[in-house]
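Please examine the sequence and the three-dimensional structure shown below.

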Amino acid sequence: MSAPLLAIRDLTVSFATRRGGHAFQAVSGVDLTVQSGEVHGVVGESGSGKSVTMLAVMQLLSQSATIAGSIMLDGQELTALSDRQMRKIRGARIGYIFQDPMTALNPLLTVGEQIAEAVRIHRGDVGHKHAVARAIDLLRLVAIPNPEKRANQYPHEFSGGMRQRAVIAMAMANEPDLLIADEPTTALDVTIQAQIMELLDQLRREKNIGIVLVTHDLGVVAGVAKSLSIMYAGRVVERGLVDDVFAAPHHPYTKGLLESLPQMDERVERLSAIAGAPPPISARPSGCPFHPRCPYVIERCRSERPVLRPVGPIDVACHRAEIVAADKGTLQDA
Ligand SMILES: Nc1ncnc2c1ncn2[C@@H]1O[C@H](COP(=O)(O)OP(=O)(O)O)[C@@H](O)[C@H]1O
Ligand SMILES: [Mg+2]
């Protein structure tokens, strides 16, 4: 079998504290595999380490970050590359949609000019005219109506949904093999969200690219992702095929996320199935990081950190996964 498109192994990212105190880990021992032609969802609450993991792939973390572990793109180790070599990968082999939509587009340039620029960064041989033509093709690819006219407009003349399509067009400018989309629909309403998901799925089918879809919303991955990883406090706590995980979540945190999905149940109180808040990065608990919030907690969970292990078709980091998976009741009944 050929190497997976993206294989992250035992990735740890630590940040030095400002006054040179001991470093803390934002991401700990993360394993993540993405195949060509599939959407892989990365799901977790704010602060769980999703963006740090993806920025580590791009080597776009700040100077204060230290990376350990392996990140392979198509069998090539990215952590060993120089800045110069990495610049050839970013935007060319990996397209990236940043979490902050305000930084993605330059308000002073037309949308067409900046997509053309994205083409020319990696293809110096492409002349300006061809790059603009390519920008129009890319706007067409992401289903922006009237792309010739739209290319000459500025970002503020686009609606939120259209702007996100333009950002996706820019990420696709050099036909990447891998597209990383960090919360691409957070600022958009649900109808537009669904349309952007449909667009990503269409790109996956037509271009056979692998897509990492980062989101805090499990509902967003449900329709479009084939496999997923659930992150909590800097670690992957559960991963598997979306169908398997949705049929029987094995981690109490995943179970809580699923119960919180509004369409699962009309009752409003379910919206906060998981009591408490995720731990701050500087004070992550001993043992299982989820134990202070977990209704299934036993003594062992306080002292011994569970590692990912296979249980049926799923990999899960929970001492009580078998019991959680078999429990048909809700988290609040547990
Ligand atoms: N440059 C940085 N310096 C120090 N800490 C950071 C930096 N970037 C992120 N962090 C911390 O790492 C943790 C994970 O952040 P992040 O990956 O952005 O979470 P998510 O994307 O899942 O919301 C957070 O506690 C965040 O404060
Ligand atoms: Mg983030």
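Leaving aside its neighbours within four places in sequence, Ala135 is in contact with Gly112, Ile115, Ala116, Val119 and Ala151; two residues are in contact if their C-beta atoms, placed from the backbone, lie within 7 Å. The structure is a predicted model, in which local features need pLDDT of at least 70 and side-chain atom pairs count only at pLDDT 80 or more, whereas totals for chains, interfaces and linings use all residues. Residues are numbered from 1 along each chain as its sequence is written, and chains are lettered from A and ligands numbered from 1 in the order in which they are written.

Ala135, Ile115 and Ile180 have the most contacts inside the largest nonpolar core, which has 92 residues. A nonpolar core is a set of buried Ala, Val, Leu, Ile, Met, Phe, Trp, Tyr and Cys residues joined through C-beta atoms within 7 Å; a residue is buried if 20 or more other C-beta atoms, placed from the backbone, lie within 10 Å of its own. Helix 7 (residues 160–171) gives the most to this core, with 7 residues; helices are DSSP runs of H or I with at least four residues, strands are runs of E with at least two, and both are numbered from the N terminus. The core draws at least three residues from each of domain 1 (6–93 + 176–326) and domain 2 (94–175), with bounds from an automatic or database domain assignment.

The centres of the two domains, taken over C-alpha atoms, are separated by 28 Å. Across the boundary, 25 residues of domain 1 are in contact with 21 residues of domain 2. On the side of domain 1 that touches domain 2, helix 1 (50–58), strand 7 (178–182) and helix 8 (190–207) are the elements that give two or more residues. Helix 8 supplies the largest share, 6 residues.

Key. Buried ≥ 20, exposed ≤ 12 C-beta atoms within 10 Å, placed from the backbone.
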